[in-house]
Amino acid sequence: GCDEKVSANESECPNCGTTLKSSSRKGSSANGGVKKRKKGKSGGSTVGIILAVVFGGLIVCGGVFAALLLPAVHQAREAARRTQCKNNLKQIGLAMHNYHDTFMVFPAAHFNDSQGKPRVSWRVSILPYIDQAPMYQGISMNESWDGPSNSRFSTTMPSIYACPSAPMNRVNTCYATIVGPKSVLGADKCVPMRDITDGTSNTLLIAEACTLGIPWMKPQDIDVASFTAVGDPGGASSFHRGGVLMLMSD
């Protein structure tokens, strides 16, 4: 082209008519004068911060929710255990009545040997009525509960004699009768239902006695002389909160 100076705004030389290239104009670039902006780094950091805040909030909310839910879970579990304990007592009561239907008397709290020593508990006497007939047939009623033949059964306590709220134990039971001069399950004697003059619905038969630590076959129960108040170590006691479960004679 010519040597004439041309304004940067001109697209064609006014002297020779030559079309000017865009790259030769001042202030222009190869892409038509549009400059690309560099991508900022703040976008990724912002997303990371948002995710951290969201996850942190979820963790905090989850912890608060768990703290609120935990007592409710414990209460529900204890309610279920209390219901199971009531059912155990009911099954024991039905076994007592089935025993009475068979022999026309309630079982004795225990029978004594010729030397006056107690042998086995009433919990052994009603085994056939709680679906434990094979075990009953293997136990000698003429031998003490911890004798050579009977001691092998001491660690195979039927589940019906275990309170669900008590620590896991295959030896000790939480259920005992009340032993005294006018108790339903007498010591070395059997009582017929007609002798319950106060009425079966007003007379105690079995109570929780968890703190006594009674081996299930042992002829040991709650002595009416020491049963002065609920919660006494020598009387009725429970692992349930708020009271002791008891079974009436009806």
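**A disulfide, a nonpolar core and its aromatic pairs**

A disulfide joins Cys174 to Cys210, with the two sulfurs 2.5 Å apart; a disulfide here is a pair of cysteine sulfur atoms within 2.5 Å. The model is a predicted one, in which local features need pLDDT of at least 70 and side-chain atom pairs count only at pLDDT 80 or more, while totals for chains, interfaces and linings use all residues. Residues are numbered from 1 along each chain as its sequence is written, and side-chain values use heavy atoms, with hydrogens and water left out.

The structure holds one disulfide. The torsion about the S-S bond of Cys174 and Cys210 is about 130°, so this disulfide is right-handed. Cys174 lies in the loop between β3 (172-173) and β4 and Cys210 in the loop between β5 and β6 (214-215), so the pair ties together parts that are 36 residues apart in sequence. Helices (H or I, at least four residues) and strands (E, at least two) are DSSP runs, numbered from the N terminus. Cys174 is buried, at a relative accessible area of 5%, and Cys210 also counts as buried, at 9% relative accessibility. Buried means under 20% relative accessible area and exposed over 50%, with partly exposed in between (1.4 Å probe, protein chains only). What of the sulfur of Cys85, and which cysteine sulfur is closest? The closest is that of Cys163, at 3.9 Å, which is too far for a bond. Cys85 is buried, with a relative accessible area of 0%, whereas Cys190 is partly exposed at 30%.

β5 is mostly covered, four of its five residues being buried.

The largest nonpolar core has 35 residues, and those with the most contacts inside it are Tyr161, Leu185, Ile206 and Trp216. Such a core is a set of buried Ala, Val, Leu, Ile, Met, Phe, Trp, Tyr and Cys residues joined through side-chain atoms within 4.5 Å. Two or more residues of this core come from each of α1 (42-103), α2 (122-125) and β5 (204-208), and the largest share, six residues, is that of α1. Apart from this core lies another, of seven residues, including Ile178, Ala207, Ala209 and Ala236. In soluble globular proteins, nonpolar side chains tend to be buried together.

Which residues does Tyr161 touch, leaving aside its neighbours within four places in sequence? They are Ile92, Arg123, Ile126, Leu127, Ile130, Thr173, Cys174, Tyr175 and Trp216, where contact means heavy atoms within 4.5 Å. Arg123, one of these partners, is placed in helix α2 and is buried, with a relative accessible area of 0%. A polar atom of the Arg123 side chain lies 2.8 Å from the backbone oxygen of Tyr175. Beyond four places in sequence, the contacts of Arg123 include Tyr161, Thr173, Tyr175, Trp216 and Asp221.

The structure holds four aromatic pairs; rings of Phe, Tyr and Trp (its six-membered ring) pair if their centres lie within 6.5 Å, with planes under 30 degrees apart counted as stacked, over 60 as edge-to-face and the rest as tilted. Trp122 and Tyr161 form an edge-to-face pair, 6.3 Å centre to centre and with 85° between the planes. This pair links Trp122 in helix α2 with Tyr161 in the loop between α3 and β3, 39 residues apart. Tyr161 and Trp216 form a stacked pair, 5.9 Å centre to centre and with 25° between the planes. Trp216 lies in the loop between β6 and β7 (222-223) and Tyr161 in the loop between α3 and β3, so this pair ties together parts that are 55 residues apart in sequence. Both Tyr161 and Trp216 are buried. Ring pairs also link Tyr99, Phe103 and Tyr129 into a cluster.

Finally, the backbone deserves a look. Most residues other than glycine have a negative phi, and most peptide bonds are trans. Met104, although not a glycine, has a positive phi of about 65°; Met104 is placed in the loop between α1 and β1 (110-112) and is exposed at 53% relative accessible area. Asp131 likewise has a positive phi of about 65°, is placed in the loop between α2 and α3 (133-138) and counts as exposed at 74%.

Note on methods:
A polar contact is a pair of N or O atoms within 3.5 Å; within protein, one must be able to donate a hydrogen and the other to accept it, and residues adjacent in sequence count only if both atoms are side-chain atoms.
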